[in-house]
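The following paragraphs go through one protein chain, from its overall form to single residues. Please keep the sequence and the model in view while reading.

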Amino acid sequence: MKTEIAKAREKIEVVLSGAKIEKHTNSKYNENEYLDEYITSQIKEVAVIDDIAIVDGYTFELDRSVPKIGEYIGKKEELIFPKVSISGLEYEVDYRTAKFTITAKEENNGISKIEIIQCGQVVDSFTYENVKTEITREYIVKQNGTYTIKVYSKLKGIAKVEVKELVMAVEYSPNGNEEYKKEHFSKVIVKEDSDRVKSIKYQWTDSLTEPRENTFIESCSNNSIITGREMTGTYYLWTLLETESGKKNICRSEGFNFDNEGPNIISFNFEKFSVDGISMSATAQDMSLGIVRFEFYIDDVLMDTEICEKTTQIVTRDKTITGLNVGNHQCKVVVYDLAGNARQMIKQGTTKLYTWEKYSIEVEHDYKIRILGL
């Protein structure tokens with residue numbers, strides 16, 4: 001028996017030596033599907049189940065990262081793999097989603113986890129407490145491709161299902177941005193079957209409610225960069241994709257935060273300071289980008305500037321302007337946020353010469369002086 005095991009090991013080791021060369025010379029190589037196909041194409045009596053290679057009825061651990069063969073596990077008939085099957089693949093009426101049913105069972109050791117894998121990446125997983133009864137789970141997908149279902153027990157079971165009739169989904173890069181800016185951009189990407197795309201239309205909205213098809217007006221092509229501007233608040237990029245066969249799909253990005261409005265001026269007051277001066281006080285706040293500067297004007301002439309360290313808190317700045325002519329003046333404050341958005345407020349202020357209509361001085365016995373007639 002040891003001789004048969006050694007012969008089986010030698011067979012797979014020879015094949016994996018060739019796979020190492022493929023790894024460094026073939027750009028299409030990967031340690032998953034490509035390696036499996038390479039092994040099965042080189043040996044007649046071989047099977048690869050997850051990380052186990054079965055040669056001539058003998059099973060070995062498979063280290064995919066090298067690749068190389070690890071320890072001998074046992075005869076094929078001695079191993080207990082979880083039973084896993086896929087059934088009921090159905091497409092929704094609009095062909096935007098599909099669903100299938102996963103059935104799994106391992107009554108000896110129980111099932112601890114189920115993974116859904118696409119393109120070598122785990123896209124979803126479900127954990128269990130070594131369940132020994134049959135597990136049935138319906139799963140919904142939104143993209144075409146081959147899905148590998150991996151069921152974990154003491155050993156692993158695998159099943160695959162191919163989804164290929166869905167309308168392609170649009171991806172966004174970047175997909176949303178929480179930073180407040182005057183404008184944002186996002187690239188519209190159709191990765192799968194892009195040659196089947198007939199048209200892509202888009203729009204920005206500040207609602208999570210899906211827009212009607214007839215509201216999409218602007219058009220773009222695959223890999224176009226869409227820029228949003230002149231908006232304030234959280235907006236979403238929506239796309240309407242239509243295939244050559246007439247199927248349609250509406251997709252939405254995550255939220256982008258825009259700010260194209262100046263800070264909120266809470267108050268702006270003035271008071272007569274002296275014969276030729278006016279004191280102004282402005283209070284403002286910008287919850288998005290933060291306040292960075294106050295500008296104070298008299299009669300549309302910039303008189304002074306107050307620079308602030310960027311803050312989203314309430315800010316008050318006071319400024320006294322002297323050297324003015326006696327009379328009425330237009331007082332104005334302009335407040336800026338970090339992106340250069342500005343808001344202003346205007347009020348009329350007055351300088352007035354102090355006058356004495358009459359006065360008298362009384363000297364009291366305690367030598368205090370009282371001025372009357374102000």
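Helices (H or I, at least four residues) and strands (E, at least two) are DSSP runs, numbered from the N terminus. The model is a predicted one, in which local features need pLDDT of at least 70 and side-chain atom pairs count only at pLDDT 80 or more, while totals for chains, interfaces and linings use all residues. Residues are numbered from 1 along each chain as its sequence is written, and side-chain values use heavy atoms, with hydrogens and water left out.

The chain holds 2 helices and 29 strands. Its radius of gyration is 37 Å, well over the 21 Å that the globule rule gives for 374 residues, so the chain is more spread out than a compact globule. The radius is taken over C-alpha atoms, and the rule is 2.2 Å times the number of residues to the power 0.38. Along the principal axes, the C-alpha atoms fill a box of roughly 130 × 55 × 45 Å.

Burial is described by relative accessible area: buried means under 20%, exposed over 50%, and partly exposed in between (1.4 Å probe, protein chains only). By this scale, 40% of the 374 residues of the chain count as buried. The accessible surface of the chain comes to about 21,800 Å², with 46% of it belonging to carbon and sulfur atoms; the areas come from the Shrake-Rupley method with a 1.4 Å probe, and for residues only the protein chains shown count as cover. A contact means heavy atoms within 4.5 Å. Among contacts between residues at least 6 apart in sequence, 57% join residues at least 24 apart.

Charges can be treated as two sets. Lys and Arg count as positive and Asp and Glu as negative, with His and the chain ends not counted; each charge is placed at NZ of Lys, CZ of Arg, CG of Asp or CD of Glu. The mean positions of the 49 positive and 61 negative charges are 3 Å apart.

Tyr-38 belongs to helix 2 (residues 33-42) and counts as buried, at 17% relative accessibility. Leaving aside neighbours within four places in sequence, Tyr-38 is in contact with Val-15, Gly-18, Ala-19 and Glu-22. The C-alpha atoms of Tyr-38 and Val-333 are separated by 74 Å, with the two residues 295 apart along the chain.

Glu-295 sits in strand 23 (residues 291-298) and is buried, with a relative accessible area of 8%. The side chains of Glu-295 and Tyr-336 make a polar contact of 3.3 Å. Such a contact is a pair of N or O atoms within 3.5 Å; within protein, one must be able to donate a hydrogen and the other to accept it, and residues adjacent in sequence count only if both atoms are side-chain atoms.

Thr-239, in strand 18 (residues 233-243), is buried at 0% relative accessibility. Its side chain is joined to that of Tyr-172 by a polar contact of 2.6 Å. Beyond residues up to four places away in sequence, Thr-239 touches a set including Val-170, Tyr-172, Val-188, Ile-200 and Phe-216.

Is Gln-313 buried or exposed? At 53% relative accessibility, Gln-313 counts as exposed. Gln-313 is found in the loop between strand 24 (301-311) and strand 25 (315-321), and outside four places in sequence it is in contact with Ala-284 and Gln-285.

Most residues other than glycine have a negative phi, and most peptide bonds are trans. The bond joining Val-66 and Pro-67 is cis, with omega about -5°; Pro-67 lies in the loop between strand 3 (58-63) and strand 4 (68-75). The peptide bond from Ser-173 to Pro-174 is also cis, with omega near 0°, and Pro-174 is in the loop between strand 12 (171-173) and strand 13 (177-181).

Asn-223 has a positive phi of about 70° although it is not a glycine. Asn-223 is in the loop between strand 16 (218-220) and strand 17 (225-229) and is partly exposed at 43% relative accessibility. Glu-230, in the loop between strand 17 and strand 18, has a phi near 60°, again positive in a residue other than glycine. At 69% relative accessibility, Glu-230 counts as exposed.
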